[in-house]
Amino acid sequence: MALVLNVSLCSTCKPHLSLSTSNPNKASSTFPLPLPLLGLNIKKSLQPSQKLTFSLGESVSGATLVALLSASFIFVDPALAFKGGGPYGQEVTRGQDLTGKDFSGKTLIKQDFKTSILRQANFKGAKLIGASFFDADLTGADLSDADLRNADFSLANVTKANLSNANLEGALATGNTSFKGSNITGADFTDVPLREDQREYLCKVADGVNPTTGNATRDALFCN
């Protein structure tokens, strides 16, 4: 990513300066910057045809150069933002193939698993409050006894998964989220927004009582 300093001056408008980011793979962004903040002092008027040239060494203070260097660290490639971003150490968990990975018993609050392949992954007893499984593939995953309160399963494939005794209070399951073939015995679906066809399907296999909340699975799903 490159940083470009742009100066705009004319006789009829107020001088201004902007900082632009340039990335060959992404759209560029421009951020206006006030001249006083950058230590620039324009002392003479310019005619419309005149051009302004100045030496950064002469016109920009040391503090300004530090600020510009700092900006290069602030405007980082978004793809790097997930590196180390979460309780699971330095590992990246978004958009990854984590088939068969063992996360059992781990504390993974608000961990980002968006679009990841998590087939047969083991989340047994894991604390996954607020975690995102948006558009993830959890086919055959073990989520038994997991704390999944407020987790996001939007568009996720949760088929043939083990959700027995899992607490999904307040979780999201919008879109084409599928729980077909999953074990939901003792799972708590309280306040989980489900499509009517999803709810009807789950009610056909719902059974048990969640050992943590004491809520019956059928009651949480408003089964008749």
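Me: Let me start with C223: is that residue buried or exposed?
Reply: In this predicted model, C223 counts as buried, because its relative accessibility is 15% and the cut-off for buried is under 20%.

Me: And which residue does C223 join up with in a disulfide?
Reply: The partner of C223 is C203, and the two sulfur atoms of that disulfide are 2.0 Å apart. A disulfide is a covalent bond between the sulfur atoms of two cysteines.

Me: Where do C203 and C223 sit in the chain?
Reply: C203 belongs to helix α3, which covers residues 196–205, while C223 is in the segment after α4, a helix that covers 217–220. The two cysteines are 20 residues apart, so the pair links distant parts of the chain.

Me: What about C203, buried or exposed?
Reply: C203 counts as buried as well, because its relative accessibility is 13%, and under 20% is what buried requires.

Me: Which handedness does the link of C203 and C223 have?
Reply: That link is left-handed, with -90 degrees about the S-S bond.

Me: How many disulfides does the count come to?
Reply: The count comes to 1 disulfide, and that is the one joining C203 to C223.

Me: OK, switching to aromatics. How many aromatic pairs does a search of the whole structure find?
Reply: The search finds 7 aromatic pairs. One of them is formed by F103 and F123, whose rings are stacked, with 4.9 Å from centre to centre and 5 degrees between the planes. Both of these residues, F103 and F123, are in the loop between α2 (62–74) and α3, and they lie 20 residues apart, in distant parts of the chain.

Me: Why does F103 count as buried?
Reply: F103 counts as buried because its relative accessibility is 0%. For F123 the relative accessible area is 0%, and F123 is therefore buried.

Me: What sort of pair do F133 and F153 form?
Reply: F133 and F153 form a stacked aromatic pair, with 5.2 Å between the ring centres and 10 degrees between the planes. The pair links distant parts of the chain, since F133 and F153 are 20 residues apart, each of them in the loop between α2 and α3. Both F133 and F153 are buried.

Me: Which residues do ring pairs link into a cluster?
Reply: The cluster holds F103, F113, F123, F133 and F153, linked by ring pairs.

Me: New topic: where is T217 found?
Reply: T217 is in helix α4, and T217 is buried because its relative accessible area is 0%. A polar atom of the T217 side chain lies 2.8 Å from the backbone oxygen of A187.

Me: Which residues is T217 in contact with, leaving aside neighbours within four places in sequence?
Reply: T217 is in contact with I184, T185, G186, A187, F189, A206, D207 and G208.

Me: Now the arginines. Where does R195 lie?
Reply: R195 lies in the loop between α2 and α3, and R195 counts as partly exposed because its relative accessibility is 32%. Not counting residues up to four places away in sequence, R195 touches G175, N176 and T177. The C-alpha atoms of R195 and T174 are 7.4 Å apart in space, although these residues are 21 residues apart in sequence.

Me: And what is the place of R94?
Reply: R94 is in the loop between α2 and α3, and R94 is partly exposed because its relative accessible area is 31%. Between the C-alpha atoms of R94 and Q111 there are 8.8 Å, with the two residues 17 residues apart along the chain.

Key: Residues are numbered from 1 along each chain as its sequence is written. This is a predicted model: local features need pLDDT of at least 70, side-chain atom pairs count only at pLDDT 80 or more; totals for chains, interfaces and linings use all residues. Side-chain values use heavy atoms; hydrogens and water are left out. A disulfide is a pair of cysteine sulfur atoms within 2.5 Å. Helices (H or I, at least four residues) and strands (E, at least two) are DSSP runs, numbered from the N terminus. Buried means under 20% relative accessible area, exposed over 50%, partly exposed in between (1.4 Å probe, protein chains only). Rings of Phe, Tyr and Trp (its six-membered ring) pair if their centres lie within 6.5 Å; planes under 30 degrees apart count as stacked, over 60 as edge-to-face and the rest as tilted. A polar contact is a pair of N or O atoms within 3.5 Å; within protein, one must be able to donate a hydrogen and the other to accept it, and residues adjacent in sequence count only if both atoms are side-chain atoms. Contact means heavy atoms within 4.5 Å.
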